Amino acid sequence: MENYSIIIFILATVIGLSAFADKAKLPYPILLVIVGVAIGFIPTIQEIEINPEIIFLIFLPPLLYDASFNISPKHFKTNISTISSLAIPLVFFTTFWIAVVSHYMIPGMTWPLSFVLGAVLSATDAVAAINITKGLGIPQKTLTILEGESLINDASALVAYHFAVAAVMGATFVIWKAAFQFVFLLGGGFLVGAVMGKILGIILRTVRNNINVVVSFMLLMPFVTYLVAEHLHVSGVIAVVFLGLAMARLSSKVFPEHLKNSSKSLWDVIIFLLNGLIFILIGLNFRYVLEDIESNMILPYIGYAIVITIVALLTRMVRIFLQKINLQKAFKNNNKKKRKVSENALLDFGNSLIISWSGMRGIVSLAIAIGLPKFLEDGTPFPHRNSIIFISVAVVLLTLIGQGLTLPWIVKKVNEKAAQNKIDSNI
């Protein structure tokens with residue numbers, strides 16, 4: 001009952017803070033994280049343990065489904081090259097560079113442990129990216145790239161994570177096995193999502209006159225799809241994303257307007273509460289992660305987290321600006337009649353900078369870190385487990401608060417520059 005009371009208290013806090021953030025023109029995820037940290041240090045508040053399986057089953061399916069359902073299919077298709085380059089190669093580049101820096105910077109960090117830390121922090125978070133960029137006046141194309149990347153990159157990060165943990169456990173890393181598993185996870189997830197989308201489409205066409213049944217099926221199916229995909233050992237994340245994309249196309253063709261409105265109203269409330277719970281939980285867990293670290297190591301670990309945050313940001317910036325250059329070259333070199341790169345897919349300096357700065361980490365990184373095994377196969381404790389969890393939580397907080405609070409200023413400057421350039425071009 002005490003845990004239920006805490007959850008009710010947190011939900012009330014979420015609603016109140018969201019109203020305050022709206023009045024104060026602050027990104028409410030940032031405010032929730034900060035208040036969550038503060039609440040966590042209240043002596044009478046009991047620890048709410050985050051079970052990674054609960055995060056992946058209860059939180060991820062509806063949030064991913066909602067994000068993919070609302071993404072623009074047209075913009076997604078146009079910018080698929082940029083989205084895929086950020087969702088796959090960038091994840092592995094980030095894992096590699098964080099691993100290199102961690103290995104040489106943190107005492108006792110072996111290469112396998114360094115790659116575990118890199119994999120944990122390699123993917124940006126869909127929930128954070130969507131909520132912090134909402135209402136900032138960011139162009140639809142830029143939002144689609146951010147959302148599309150965040151929806152797909154979890155699968156890449158989870159593959160890197162599983163192989164890194166296996167290496168710590170003593171397994172040998174084989175590149176072709178890793179590549180095969182990655183393709184299998186993505187391809188299988190796509191297939192499950194497509195099949196479940198077809199099944200749901202047939203059901204909804206049959207019962208579309210019954211609003212309650214339609215909305216109930218749409219609420220249930222993301223969880224069913226995720227469970228089916230995970231049972232088949234393919235990516236539940238990718239399956240739910242493609243289910244959402246399939247439903248977005250179906251709803252635009254089949255659903256009457258009143259049904260769309262009813263469904264959207266319910267989803268908006270659910271997503272609002274889930275988002276709020278996630279950001280509060282991130283903040284709440286900082287105190288309990290802190291307790292597992294020796295006091296003389298707290299400042300060094302915070303320093304390591306700052307360096308890793310900078311490395312992740314620089315890696316992201318380099319990859320995005322290289323993508324910008326590559327797209328421009330491809331656009332210029334292609335035959336005009338058979339142009340492979342659409343002009344709408346090109347990136348300018350402004351949206352490249354916004355995309356670079358929007359790479360916040362979030363609940364997925366936290367869940368993966370807390371989900372680290374406590375013991376190796378021989379029964380010995382998993383080495384540096386507490387260190388990896390603390391640094392991961394610190395990086396999540398640094399990106400959410402640091403990048404999240406400065407992002408509106410960057411967007412404002414980019415928009416002012418774009419407006420000035422437009423005026424200059426018209427003179």
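1. Let's start with Leu-313. Leu-313 counts as buried because its relative accessible area is 15%, where buried means under 20%, exposed over 50% and partly exposed in between, using a 1.4 Å probe and protein chains only. Leu-313 sits in helix H14, residues 298-333; helices are DSSP runs of H or I with at least four residues, numbered from the N terminus. Please keep in mind that this is a predicted model, in which local features need pLDDT of at least 70, side-chain atom pairs count only at pLDDT 80 or more, and totals for chains, interfaces and linings use all residues. Residues are numbered from 1 along each chain as its sequence is written, and side-chain values use heavy atoms, with hydrogens and water left out.

2. What does Leu-313 touch, leaving aside its neighbours within four places in sequence? Its contacts (heavy atoms within 4.5 Å) are Ser-356, Trp-357 and Gln-403. The C-alpha atoms of Leu-313 and Trp-357 are 7.2 Å apart, although 44 residues separate the two in sequence.

3. Staying with H14, have a look at its packing against helix H6, residues 89-105: the angle is about 145° and the axes are 9 Å apart. Axes here are lines fitted to C-alpha atoms over the stretch in contact, and angles run from 0 to 180 degrees between N-to-C directions. Among the residues that meet are Phe-93, Trp-97 and Val-101 in H6, and Val-307, Ile-308 and Arg-319 in H14. The residues of this contact divide into 12 nonpolar, 3 polar and 2 charged.

4. Thr-399 is worth a visit too, in helix H17, residues 385-426. Thr-399 counts as buried because its relative accessibility is 2%. A polar atom of the Thr-399 side chain lies 2.9 Å from the backbone oxygen of Val-396. Beyond four places in sequence, Thr-399 is in contact with Thr-309, Met-360, Arg-361 and Gly-404.

5. Now for the rings. The whole structure holds 11 aromatic pairs, meaning Phe, Tyr or Trp rings (the six-membered one for Trp) with centres within 6.5 Å; planes under 30 degrees apart are stacked, over 60 edge-to-face and the rest tilted. Phe-92 and Phe-182 are an edge-to-face pair, 5.6 Å centre to centre with 75° between the planes. This pair links H6 with helix H10 (residues 175-207), across 90 residues. Phe-92 is partly exposed at 32% relative accessibility, whereas Phe-182 is buried at 12%.

6. One last stop: Tyr-65, Phe-69 and Trp-267 form one aromatic cluster.

How values were computed
Helix = DSSP H or I, 4+ residues; strand = E, 2+ residues; numbered from the N terminus. Nonpolar A, V, L, I, M, F, W, Y, C, P; charged D, E, K, R; others polar. Polar contact = N/O pair within 3.5 Å; in protein donor to acceptor, adjacent residues only side chain to side chain.
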